[in-house]
Amino acid sequence: MAKEHQEIISLADVDALNLLGIGDRHLRILEEDFPGRITVRGEKLTLTGPRARVEEMASVLLDLMELSKTGRALTEQDIYYALGLRHEQNQKRLSELEGVVLESAGNGGIRPKTYGQKLYVEAMQTHEMVFAIGPAGTGKTYLAVAQALALLRAREVDRLLLVRPAVEAGESLGFLPGDLEEKINPYIQPLRDALIDLVGSGKTRQLMESGVVEAIPLAYMRGRTLNSAFVILDEAQNTSATQMKMFLTRMGNGSRTVITGDITQIDLDNPADSGLVAARRLLEGIEGIAFTTLDREDVVRHHLVRKIIDAFEKLSDEGKKS
């Protein structure tokens, strides 16, 4: 029988409550992933188990401790993500994400929570046109809105346009009752939700009523030239190639454009017709345009969302093989 290895980590210079979680919730998550014992006595945390796994868990804990020392309130998502980085056996460290900040609302800023998000934010800060492709829950829309608000606050752009194609499971605006505002509300609500979360409902209403923020369906972009604007096209996988070309050529001087979408969730009759798929094929590699790809490791919703994505991807893969 292999001899157990033991390693002791001092908690003297870290906020133990932040690290271990209320009611030791974070500690329970770590224990579920560790084939050994984790004990806490006073200011000492002891890991006991197979040497390789003890060393891995010690690395995770030290990374979380460094992140805690920056003043960040650790969440369960941080714990799961730190464990995921260890499973990938790479040199990425969660604590290295703290250097990137979006000063979107003057409230301490928004920080990326994963490496994929970090690359996405850095792309938006250095490129005038950015494509973000990835599954639900990876923060594509939220971070785009946060970047837009940061540039509005810095007066680098004058307005924000939130755009979505009015295509959901084969339906379009013409199938919906009501006037234009009532028709587009269901499509624009996810973008409005991001605004409300970042600046509050009152400020969101003020920005939209003043015209600083405008929410429109993609079809109403035709014929417009947008100068000094931050334009977000959300759910871009549901555009046609013609619509994508129309949208991208609206870009005016001093403008920034972010296009987000999930190519695994195309609602068009023929997924091969997706404008987002065409744009990636035709535009990737052009100087000034950045493409960032997010995956299941970048999901920042409930940790079960990652498992759900994995399960459906497995089902899809089985279907392709049959």
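This is a predicted model: local features need pLDDT of at least 70, side-chain atom pairs count only at pLDDT 80 or more; totals for chains, interfaces and linings use all residues.
A nonpolar core is a set of buried Ala, Val, Leu, Ile, Met, Phe, Trp, Tyr and Cys residues joined through side-chain atoms within 4.5 Å.

**First stop: the main core**

Select Tyr120, Met124, Val145, Leu160, Leu162, Phe230 and Ile232, which are the residues with the most contacts inside the largest nonpolar core, a group of 32 residues. As a general background, nonpolar side chains tend to be buried together in soluble globular proteins.

Now centre the view on Phe230 and show its surroundings. Leaving aside neighbours within four places in sequence, Phe230 is in contact with Ala144, Gln147, Ala148, Leu151, Val157, Arg159, Leu160, Leu161, Arg256 and Val258.

**Second stop: two helices side by side**

Select helix α5 (residues 115-126) together with helix α6 (residues 140-153), and you will find them packed at an angle of about 35°, with their axes 11 Å apart, in a crossing that is right-handed. To see where they touch, show Gln117, Tyr120, Val121, Met124 and Gln125 on the α5 side, which meet Lys140, Leu143, Ala144 and Gln147 on the α6 side. Coloured by type, the residues of this contact divide into five nonpolar, three polar and one charged.

Next select strand β8 (residues 256-261), where six of the six residues are buried, so the strand is largely enclosed by the rest of the structure. Why do side chains along a strand like this point in two directions? In a regular strand the side chains alternate between the two faces of the sheet. Here Arg256, Val258 and Thr260 point one way from β8, while Thr257, Ile259 and Gly261 point the other way, and all are buried.

From β4 (residues 129-133), move on to β9, which runs parallel to β4 and is joined to it by five bridges, with Ala132 standing opposite Thr292. Strand β9 itself (residues 289-293) is mostly covered, four of its five residues being buried.

Finally, turn to an open sheet of three strands in the order β1-β3-β2, whose pairing is antiparallel. Which strands lie at its edges? They are β1 (5-10) and β2 (37-41), each of which pairs on one side only. From one strand to the next the twist averages 20°.

To look at one pairing in detail, select β2 with strand β3 (residues 44-49), which pair in the antiparallel sense over five bridges, and highlight Val40, whose bridge partner in β3 is Leu45. Then bring in helix α3 (residues 51-69), which lies across β1 and β3 and runs at about 10° to β1.

Conventions: Residues are numbered from 1 along each chain as its sequence is written. Side-chain values use heavy atoms; hydrogens and water are left out. Buried means under 20% relative accessible area, exposed over 50%, partly exposed in between (1.4 Å probe, protein chains only). Two strands pair if DSSP finds at least two bridges between them. Axes are lines fitted to C-alpha atoms, for helices over the stretch in contact, and angles run from 0 to 180 degrees between N-to-C directions. A crossing is left-handed if the near helix is turned anticlockwise from the far one by less than a right angle, and right-handed if clockwise. Contact means heavy atoms within 4.5 Å. Ala, Val, Leu, Ile, Met, Phe, Trp, Tyr, Cys and Pro count as nonpolar, Asp, Glu, Lys and Arg as charged, and the others, Gly among them, as polar.
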